[in-house]
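This report looks at side-chain contacts. It takes up charged pairs, then aromatic rings.

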Amino acid sequence: NSKSHANLSIAMSLKQNVPLFVLGFVGMAVFRSIGDFSLSQSKNETSPFKVFGLFDSQDWNRFTSTVGGTCSTYFLGTAMASVGLSTSLSVLRGVGPRPFIVG
């Protein structure tokens, strides 16, 4: 019982200290790596291979280009907007100009 309590405590700590976008980033990196690896291993097969049973080679390249290009631009814009919207000018005034001067 104390082991399950410790595991729950670790999970709660991770949830509080690791931003959700980091988990999304790691998940997409793993997804892409598995897809690319499985596609590279299928070059020796004679039957048509589909990554995750969904994408042939051209579709996989098109999908990763779309997600890596178009979607990432929107995701980055959304992240920057959320940072900007959560910034408090009173906190910036309290910090002073030094961080802006130093860069």
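Helices here are DSSP runs of H or I with at least four residues, numbered from the N terminus. The model is a predicted one.

**Charged pairs**

Side chains of opposite charge can pair when their charged atoms come close. How many salt bridges does the count come to? The count comes to two.

One joins Arg 32 to Asp 36. Both residues lie in helix 2. They are four residues apart, about one turn of the helix. A salt bridge needs a side-chain nitrogen of Lys or Arg within 4 Å of a carboxyl oxygen of Asp or Glu. Arg 32 is partly exposed, at 38% relative accessibility. Asp 36 is partly exposed too, at 31%.

The other bridge links Asp 59 and Arg 62. Here the closest N and O atoms are 2.8 Å apart. Asp 59 and Arg 62 are three residues apart in helix 3, so about one helical turn separates them. Asp 59 has a relative accessible area of 29% and is partly exposed.

**Aromatic pairs**

A search of the whole structure finds seven aromatic pairs. Two of them share Trp 60. The rings of Phe 31 and Trp 60 have centres 5.7 Å apart. Their planes meet at 55 degrees, so this pair is tilted. Phe 31 sits in helix 2 (residues 20–41), and Trp 60 in helix 3 (residues 57–85). The two are 29 residues apart, and the pair links distant parts of the chain.

Is Trp 60 buried or exposed? Trp 60 is buried, because its relative accessible area is 1% and buried means under 20%. Trp 60 also pairs with Phe 63. That pair is tilted as well, with 5.9 Å from centre to centre and 35 degrees between the planes. Trp 60 and Phe 63 both lie in helix 3, three residues apart, about one turn of the helix.

| Residue | Relative accessible area | Class |
|---|---|---|
| Phe 31 | 28% | partly exposed |
| Trp 60 | 1% | buried |
| Phe 63 | 28% | partly exposed |

Which residues form one aromatic cluster? They are Phe 31, Phe 52, Phe 55, Trp 60 and Phe 63.

Definitions and conventions: Residues are numbered from 1 along each chain as its sequence is written. This is a predicted model: local features need pLDDT of at least 70, side-chain atom pairs count only at pLDDT 80 or more; totals for chains, interfaces and linings use all residues. Side-chain values use heavy atoms; hydrogens and water are left out. Rings of Phe, Tyr and Trp (its six-membered ring) pair if their centres lie within 6.5 Å; planes under 30 degrees apart count as stacked, over 60 as edge-to-face and the rest as tilted. Buried means under 20% relative accessible area, exposed over 50%, partly exposed in between (1.4 Å probe, protein chains only).
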